[in-house]
Amino acid sequence: NALRVLAGLAVLVGSSPAQQPSISNAKLAGTAIVVLTHDFCTAEVKRGDDVFRPGRLICSAAEEAVRNSFEHVIRMETAPNPEDTGGHLVLVPRYSDMEVTTATTVAGKRKVGLLLEWSAFDPSGKILWVQTVEGDAGRTAGFNHQKLLEMMTHDLVAKSTEAIEKSREIRQFVDTLANK
């Protein structure tokens, strides 16, 4: 009897695909415009005698985070006028601050952290959401600046993607468009 019940369930499940859980894509439906200005993408930071050039890395990190979050992404170098948004959400990252520690001993740790502020605007230019995300990395002394920045950038992408996808305001905006 148990085998008959299991066989019957297998037939029911196999013949009823609508009842099976659907595999959903984690990306938000719709299109987002990401504004990556020249100044943002070429940012330089001086800390003591060191010059860090995180612009190229944070520019690609910001674009990657938005591409990880939305099905379609439009990259722009300047913020669009409201009539040019096409009804899409506009995301603007802004470099906020960078902290770098210096190792005082050969075995000391060096840390780098970067704050990236995200703003989301509706098509009319109204601010929907603002959040600051921190990407950070640390290694022992002697580890080169570029490798630290790359590690920090990877962390920044992951945390920015999560912040965008979990934003209640962004989700509400996307849901409202989907229901129109």
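How exposed is aspartate 136, by relative accessible area? Hold that thought for a moment. First, a caution: this is a predicted model.

Now the answer. Aspartate 136 has a relative accessible area of 35%, so it counts as partly exposed. Its partner is lysine 159, and the two side chains meet in a salt bridge, 3.6 Å from N to O. This pair links distant parts of the chain. Lysine 159 sits in helix α4, residues 145-166. Aspartate 136 sits in strand β7, residues 127-140. They are 23 residues apart. Lysine 159 is partly exposed too, because its relative accessible area is 33%, and the band for that label lies between 20% and 50%.

Why do such pairs form at all? Side chains of opposite charge can pair when their charged atoms come close. In this model, the count comes to eight salt bridges.

Next, look at helix α3, residues 55-69.

Which residues of α3 are buried? Among them are Gly55, Leu57, Ile58, Cys59 and Ala61. Ala62, Ala65, Val66 and Ser69 are buried as well. So is Glu63, because its relative accessible area is 14%, and buried means under 20%.

Stay with glutamate 63. It meets arginine 67 in a salt bridge, side chain to side chain, at 2.9 Å from N to O. Arginine 67 is at 36% relative accessibility, which means it counts as partly exposed. Glutamate 63, again, is buried. There is a third member here. Salt bridges that share partners join Glu63, Arg67 and Arg75 into one network.

One more pair. The side chains of glutamate 44 and arginine 53 meet in a salt bridge at 3.1 Å, N to O. Are these residues buried or exposed? Glutamate 44 is exposed, and arginine 53 is exposed as well.

Last stop: charge on the surface. Which residues gather in a patch of positive charge there? They are Lys109, Lys111, Arg139 and Lys147. Take lysine 109 from that patch. It is found in strand β6, residues 109-121. Its relative accessible area is 49%, so lysine 109 is partly exposed. The cut-off for exposed is over 50%.

That's my tour. Thank you.

Terms used: Residues are numbered from 1 along each chain as its sequence is written. This is a predicted model: local features need pLDDT of at least 70, side-chain atom pairs count only at pLDDT 80 or more; totals for chains, interfaces and linings use all residues. Side-chain values use heavy atoms; hydrogens and water are left out. Patches are made of residues with over 30% relative accessible area and no salt bridge: like charges are joined within 9 Å, nonpolar side chains (Val, Leu, Ile, Met, Phe, Trp, Tyr) within 5 Å. Accessible areas come from the Shrake-Rupley method with a 1.4 Å probe; for residues, only the protein chains shown count as cover. A salt bridge is a side-chain nitrogen of Lys or Arg within 4 Å of a carboxyl oxygen of Asp or Glu. Lys and Arg count as positive and Asp and Glu as negative; His and the chain ends are not counted. The place of a charge is taken as NZ of Lys, CZ of Arg, CG of Asp or CD of Glu. Helices (H or I, at least four residues) and strands (E, at least two) are DSSP runs, numbered from the N terminus. Buried means under 20% relative accessible area, exposed over 50%, partly exposed in between (1.4 Å probe, protein chains only).
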